[in-house]
Amino acid sequence: MQYPVVDPNRPTLTSPAPLYRPLYLSITSTARGLQNFISDLRNAKSKEDESKRVSKELANIRSKFTASGSLSSYQKKKYVWKLVYAFMLGYDVDFGHAEVVSLVGSAKYSEKQVGYVAMSLLLKAGDSMMNMIVNSIRNDLVGSYDDAATSLALTSIANVSGIELMQALHVEVQRVLVSPNATPAVRKKAALCLLRLIRQLPDSIASADFAPHISNLLQDRHMGVLTSTMSLLIGLTSKHEQEYETMIPYAIHILSTLVLKKSVSPDYLYYRTPSPWLQIKLLRFLQYYPELMASGQAYVATLKQCLARILNDTDVSDSINKSNADHAVLFEAISTIVVFGDSGDEDLQLAAMRLLGKFISVREPNIRYLGLMTMSRLAVLHNNTNKEQIKTFQSVVVHSLKDADISVRRRALDLLFVMCDQTNAESIVDELITYLVAADAGIREQMVLKIAVLAEKFATSKKWYVDTILKLISISGDQVSDSIWHRVIVIVTNNSDDDLQQYVATTMFDVCSSKNAHVKAVAVGSYVLGEFGFLIAEEAGKSGEVQFQVLHQHWPLIDANTQGIMLTAFAKMYNLYEEIRPIIDPIFAKLKTSVDVELQQRSNEYRILGSLGPEIMEDILREMPAFDTQKVSTLEIALDQEHSDTHDVNVFKKKDPNSPASKRGSKTAQQEPEPEILVQAEPEPEPDLLDGFDDPPPAPIGGFDDPPLSKQAVTVGDPAAVASSFAKLLSTPQGVLFQNEYVQVGVKQEFRGSQGRIQLFAGNMGAESFTNFKLDMPQVPYLRTTVQDEMGATGAGCTLAPKQQARVMIMAEAIAPYCEAPGLTVTFETSTTTHSYPLKLPIVPTSFTEPVTVDKAAFMGRWGQLAAKESQEIITVSRTVDPAMMQQVAALLTGLKYGRCQEVDSPTTCSGCGTMKTGAKDGQGNPISVGCLVRIEANGDKFRVTARTLHPVVSQGVKETFCKVLKAL
Amino acid sequence: MIKAVSKTCRIKRLLQILLFFNRSYLTLRPLQVLIINNHGLPRLQKYFSPLPPSHTPPTLTRHIFNSIASRPDSFCNYLNLHIEDWGDVKLIYRHYATLYFVFAVDSQESDLGILDLIQVFVESLDKCFCNVCELDLIFHSDKVHYVLDEIVSGGMVLETNISMVLESVREQGKLGKSSLRMGEGKQNDVYRR
């Protein structure tokens with residue numbers, strides 16, 4: 001690959017000279033007032049001059065607009081363009097909206113045109129003028145037979161994309177799109193307008209009904225229409241892939257026309273490539289169906305042919321534009337092959353891999369950049385075969401890590417990060433560390449974090465891990481965040497079995513012996529020597545006193561925070577080695593009056609500890625217990641944030657197992673039942689349930705026009721169905737709370753500690769609008785709630801059009817023990833009837849619970865202690881309890897966020913332990929939590945549910961929750 | 001029909017859906033179009049989605065310009081930029097003579113495809129203005145907007161065919177002209193300020 005002969009940086013554009021000099025009449029070419037204004041601004045000597053000139057002009061325009069007497073059409077246009085120009089220069093323009101509105105409503109095209117452009121720049125979503133403008137736009141959309149006006153209207157709707165506009169006009173836009181009379185120009189704009197719309201209001205299109213329209217549009221011969229339709233289709237498919245599966249043959253047919261037959265109107269040849277954009281869109285669409293190649297359909301062969309042709313026939317071209325276009329298609333084809341993965345064609349996969357290998361070693365920076373990016377997607381998608389091949393490129397990738405261009409370096413770093421595993425971790429981490437020495441600030445922080453994660457994840461030995469982190473600190477200590485070195489402490493503290501602690505103590509002693517040790521190293525050293533210094537105190541030259549000296553030499557140079565850590569280390573040494581007490585005492589005494597409050601407090605406390613007697617001191621200054629490993633590593637959270645920043649919704653990334661949500665799921669699967677993911681993935685995940693509330697659900701509920709299939713089961717106010725939906729939601733993070741032929745209420749909930757975020761989605765499933773739609777949530781004393789509600793459904797009520805959805809977000813914090821779930825009443829009126837459904841929100845004591853794992857002795861001990869605060873109930877279930885059912889019970893226990901205590905269980909019992917967090921504070925300001933134990937015993941077709949907690953009300957609440965869930969089994 | 005959906009696949013889809021929830025705001029972000037000259041003065045700035053309150057178009061444009069202008073032309077045309085309160089955006093830009101054409105994109109469009117789109121935009125302007133230069137963009141900013149409206153609509157790629165774009169712009173020009181002739185007889189006073 002050669003660097004382009006035609007440099008994009010050339011001084012003038014080299015496109016062929018136009019044969020015509022089109023003199024479109026534009027307002028700017030005739031309006032001398034505007035021309036003068038622009039010239040004045042260009043001649044302005046300084047920023048102040050310019051802003052003075054603009055202020056003067058704006059004042060002039062304002063007075064013209066407010067003066068009585070009408071402005072001529074020309075004046076209006078001229079002034080509005082001046083406003084637009086000033087706006088573009090960055091000045092605030094907060095008036096003239098009425099004139100814009102009147103221009104839009106004008107019958108003259110020239111006025112309309114100016115009006116629409118100004119509108120899409122000056123008016124923003126949510127502007128009060130929007131409502132006034134809607135009718136003008138509607139007239140242009142459907143009322144007029146003027147294509148040009150319709151086009152303008154569609155463009156401006158898409159550009160402004162205010163929610164009001166969308167809601168008011170989406171029906172009209174759909175009508176324009178499918179109208180048989182629409183010209184291609186109008187149609188392609190309508191398609192994009194609709195795409196913008198469904199991105200904002202995903203439920204405004206009933207997929208089942210709309211698919212046939214799309215297939216009609218795909219038979220259009222106009223390339224522009226096809227490209228826009230494909231954009232729309234991709235937008236639709238990303239939400240409901242099953243609904244649009246029938247479009248696959250159309251897409252492949254178009255693709256084969258472009259790729260195999262190369263038949264396209266000459267206009268759409270872009271540097272001799274037949275409409276690359278359309279090819280890309282088609283391939284993108286196909287990526288939503290990863291099992292496509294395995295489906296055995298007739299079109300698979302055609303698709304394979306197309307892909308092979310793209311892969312083999314792409315030549316290196318001397319025109320940069322030709323080469324860009326070809327490579328754009330090629331990269332998309334490679335991505336498609338990557339998505340198909342092992343179900344696809346093996347030869348293609350190999351060829352794709354070979355090409356990628358070539359791309360990441362070329363000099364042309366764009367291609368290399370994209371090659372690295374595509375390869376890292378590949379590495380995450382298919383872990384085995386491809387990863388082995390990717391590993392062979394390690395040295396090439398490392399080379400890119402040294403590129404001058406930060407964009408390329410970042411991609412190389414990403415790739416190295418994902419291609420790392422047990423076998424090559426050491427060499428990759430070594431490479432990264434070597435490079436870190438020379439790396440610039442822009443990328444260092446990211447590198448340090450990634451090295452730390454890799455070192456922990458693929459550590460061959462714990463010692464290597466600790467050494468790596470220490471190297472990081474010594475090379476780039478400033479970039480090492482606290483969470484990284486805290487993690488070292490956690491791992492060292494929790495590994496008391498082998499000689500790790502001793503090893504680390506020795507290492508830290510050596511590191512801190514140097515006067516130049518980094519402050520973070522000193523922090524680690526202080527902690528480690530304070531905790532584990534005694535392990536090496538017997539060795540020659542490392543006695544307690546020497547250890548103290550080694551640390552203390554850094555004292556003047558470190559920050560107060562680290563001094564605090566060191567002070568604690570001194571206190572621990574004070575306890576251990578009697579001989580150094582006389583040296584340490586004066587330090588504490590001196591700090592008694594430190595300006596730093598923290599140091600002052602610590603020194604005072606430690607000083608007094610000594611006088612309280614050896615027993616108390618020893619007890620308090622004992623070694624730290626092992627850390628709670630239940631917590632997700634803060635490091636990973638940091639990385640998650642990093643990831644979420646760079647994340648997008650490309651089809652790849654959605655499957656990226658490294659992405660935060662999925663990663664946390666898989667990572668914690670071994671150790672920690674994180675309810676968020678596991679509950680979903682474990683017992684019978686019900687995709688329909690998930691889909692039920694945010695998107696028009698696919699199979700079971702069908703189009704909005706058909707009454708849902710499940711309707712018979714859920715009749716109006718059927719208490720059994722309501723109870724069962726409620727029970728289901730107690731152990732799952734999302735689902736449908738209530739549903740009948742009028743309304744569907746979905747819930748998505750997320751709890752962390754004492755806090756929860758609950759999203760309610762109430763959708764109008766009927767054919768007519770609801771007025772006075774309200775979601776009433778009476779205040780309860782035990783929850784502190786804040787509500788976000790854009791439509792006012794929780795307040796004065798709102799109107800809900802058919803297929804529209806009201807969304808409400810509730811942030812709730814438990815502030816007291818309680819047992820009763822808070823209520824939610826859904827009320828609305830249709831033209832004939834008034835509806836009212838009293839429901840309960842699934843916010844129960846177990847929602848705020850976090851699992852606790854205890855051993856048998858601890859469980860039985862607490863069980864005995866809490867006997868007085870017991871709540872018990874016996875319930876009958878529909879069938880005899882068998883081992884399979886007991887497994888479900890165990891899964892429920894995890895679903896309700898209880899840690900199972902298997903040691904105390906027989907085959908017919910199931911016990912668990914959890915702690916309910918509240919935001920209330922006790923006397924010392926610590927949050928109050930309520931320890932909960934629960935035991936479920938089966939006998940025949942009966943369950944006995946016993947809950948014992950620190951608080952009788954919670955006992956009752958926990959018992960009731962479990963009974964409800966068990967009944968719904 | 002491709003109904004053979006394995007269990008792992010179902011779980012995968014669930015994860016996809018979850019991811020969608022978490023990042024739905026990202027899906028909403030269409031591309032943004034900027035033209036900035038070598039001195040950082042904006043010649044066109046069209047943000048298709050509302051900016052976070054901490055930014056205004058000028059400050060954001062300045063920020064984007066600063067991060068791009070420091071890159072030599074031998075570097076690749078992509079830059080990931082972190083914008084506070086807005087997350088990461090990918091900038092795809094080309095540098096022509098005195099002007100930077102910058103598209104800030106999400107992942108819905110192909111990276112190289114956008115590079116080509118910039119070329120289409122520039123060539124369209126070139127044909128429209130007959131060897132376009134910076135002054136044309138300054139004094140005929142309305143025309144630039146009309147051309148852009150034919151290429152990008154609502155932040156999404158609308159048309160990629162140069163002759164089609166020019167055709168539409170020319171049509172509109174004609175319409176505007178004829179409506180002028182019909183409407184106002186007295187053209188004389190329009191030149192007065």
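Q: In this predicted model, what makes Phe751(A) count as buried or exposed?
A: Phe751(A) has a relative accessibility of 15%. Buried means under 20% relative accessible area, so Phe751(A) counts as buried.

Q: Why is the pair of Phe751(A) and Phe848(A) called edge-to-face?
A: The ring centres of Phe751(A) and Phe848(A) lie 5.2 Å apart, with 80 degrees between the planes. Rings pair if their centres lie within 6.5 Å, and planes over 60 degrees apart count as edge-to-face. The pair links distant parts of chain A, 97 residues apart: Phe751(A) is in strand β4, and Phe848(A) is in the loop between β11 and β12.

Q: What makes Phe848(A) buried or exposed?
A: The relative accessible area of Phe848(A) is 0%, so this residue is buried.

Q: Why is the pair of Tyr782(A) and Tyr818(A) called stacked?
A: The planes of Tyr782(A) and Tyr818(A) are at 5 degrees and the ring centres are 4.1 Å apart. Planes under 30 degrees apart count as stacked, so this pair is stacked.

Q: What does the pair of Tyr782(A) and Tyr818(A) tie together?
A: Tyr782(A) lies in the loop between β6 and β7 and Tyr818(A) in the loop between β9 and β10, so the pair ties together parts of chain A that are 36 residues apart in sequence. Tyr782(A) is buried, with a relative accessible area of 12%, and Tyr818(A) counts as buried at 2%.

Q: How do you know that the charged end of Lys450(A) sits over the ring of Phe417(A)?
A: The charged end of Lys450(A) is 5.2 Å from the ring centre of Phe417(A), and the distance cut-off is within 6 Å.

Technical notes. Residues numbered from 1 in each chain as written. Chains lettered and ligands numbered in written order. Predicted model: local features only at pLDDT ≥ 70, side-chain atom pairs only at ≥ 80, totals over all residues. Heavy atoms only, no water. Phe/Tyr/Trp six-rings, centres within 6.5 Å; stacked < 30°, edge-to-face > 60°. Helix = DSSP H or I, 4+ residues; strand = E, 2+ residues; numbered from the N terminus. Buried < 20%, exposed > 50% of the residue type's maximum accessible area, 1.4 Å probe, protein only. Lys NZ or Arg CZ within 6 Å of the ring centre and 35° of its normal.
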